[in-house]
Every structure is written in structure tokens, then in C-alpha cells.
Amino acid sequence: MSADQHFFYPEILLAEDLKVLQATVRALSIGNEGLHREHNPEQVAKIVLRLYCFGITDPNKLTELAGLMADREAGFRYPA
């Protein structure tokens, strides 16, 4: 296990977990992550927490997937 990986227990969030969640919600709420639009922070937080509890703890993957899900829920479409 590398130094930046840790055991993840879905029912227990450590300070490092909260930092990842907060940074992801903040990034998606202000809409500065590439193609993702600005979203309601409460909606994004629910999506991010759900994905994190499923085990998606990598910040980049979490931001990308949560952004796509938030865009989809908001009805945004991507060009082909």
C-alpha cells in the first residue's frame, strides 16, 4: 500500500476523507472542472458522498464521475 492510500471504511470518515469530499464538492459547485457546469452544492454533495461510500476515493476519479452524474441529473448533454 502506498503512502497516500489508506484503508477506507464507509461508515467512518477521517479528516483526510472530509478534505477530499469538500474539495470535490467545491470544485464542482463553482463549475471550474473542464466541461462540468456549475451545480447546486447540496445536490453535488449527495452524489459525491454516495460515490465515496461506494469506494471511489481517488480525488480525480471522484471529481470526474460526480461531475458527469451531476451534469446528467441537471439535463446537460455533451457533444458527440
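**Entry 1: the Glu-42 and Lys-46 pair**

I looked up Glu-42 and found it exposed, as is Lys-46; exposed means over 50% relative accessible area, buried under 20%, and partly exposed in between, with a 1.4 Å probe and protein chains only. I worked on a predicted model, in which local features need pLDDT of at least 70, side-chain atom pairs count only at pLDDT 80 or more, and totals for chains, interfaces and linings use all residues. Residues are numbered from 1 along each chain as its sequence is written, and side-chain values use heavy atoms, with hydrogens and water left out.

I noted that the side chains of Glu-42 and Lys-46 form a salt bridge at 3.7 Å, N to O. The term requires a side-chain nitrogen of Lys or Arg within 4 Å of a carboxyl oxygen of Asp or Glu. Both residues belong to helix α2, four residues apart, about one turn of the helix. Helices are DSSP runs of H or I with at least four residues, strands are E runs of at least two, and both are numbered from the N terminus. In general, an α-helix has 3.6 residues a turn, so residues three or four places apart point the same way.

**Entry 2: the second salt bridge**

I counted two salt bridges by this rule. The other one I recorded joins Glu-73 to Arg-50, with the closest N and O atoms 3.9 Å apart. This pair links distant parts of the chain, Glu-73 in helix α3 and Arg-50 in helix α2, 23 residues apart. Glu-73 is partly exposed because its relative accessible area is 49%. Arg-50 is also partly exposed, because its relative accessible area is 38%.

**Entry 3: helix α2**

The expected span is 1.5 Å times one less than the number of residues. I listed Val-44, Ile-47, Val-48, Leu-51 and Tyr-52 as the buried residues of α2. Seen down the axis of α2, they fall within an arc of 130 degrees, so they line one face of the helix; the arc is taken over the directions from the helix axis to the C-beta atoms. Glu-42 and Lys-46 sit on the face turned away from this buried side. The cover over the buried residues of α2 includes α1 and α3.

At the start of α2, I found a side-chain oxygen of Asn-40 reaching to within 2.8 Å of the backbone nitrogen of Glu-42. Just after α2, Gly-55 has a positive phi of about 110 degrees.

Pro-41 lies in α2 and counts as partly exposed because its relative accessibility is 45%. Leaving aside neighbours within four places in sequence, I found Pro-41 in contact (heavy atoms within 4.5 Å) with Val-25 and Ser-29. Pro-41 and Val-25 are 16 residues apart in sequence, and their C-alpha atoms are 6.5 Å apart.

**Entry 4: helix α1**

Thr-24, in α1, counts as buried because its relative accessibility is 2%. Beyond neighbours within four places in sequence, I found Thr-24 in contact with Val-48, Pro-59, Leu-62 and Thr-63.

I then asked which side chain of opposite charge is nearest to Asp-17. Lys-19 is the nearest, 11 Å away, and Asp-17 is buried yet has no salt bridge; Lys and Arg count as positive, Asp and Glu as negative, with His and the chain ends not counted. The side chain of Asp-17 does reach the backbone nitrogen of Leu-14, at 2.8 Å.

**Entry 5: helix α3**

I checked α3 (residues 59-74): its 16 residues should span 22 Å at 1.5 Å a residue, and its end C-alpha atoms are 22 Å apart, which agrees. Leu-62, Thr-63, Ala-66, Gly-67, Ala-70 and Asp-71 are buried. Down the axis of α3, the buried residues fall within an arc of 150 degrees, so they line one face of the helix. Lys-61 and Arg-72 are exposed on the other side of α3. The buried residues of α3 pack against α1 and α2. Just after α3, I noted a positive phi of about 90 degrees at Gly-75.

**Entry 6: the whole chain**

I found three helices and zero strands. Buried residues account for 28% of the 80 residues. Among contacts between residues at least 6 apart in sequence, 54% join residues at least 24 apart.

Key
A polar contact is a pair of N or O atoms within 3.5 Å; within protein, one must be able to donate a hydrogen and the other to accept it, and residues adjacent in sequence count only if both atoms are side-chain atoms.
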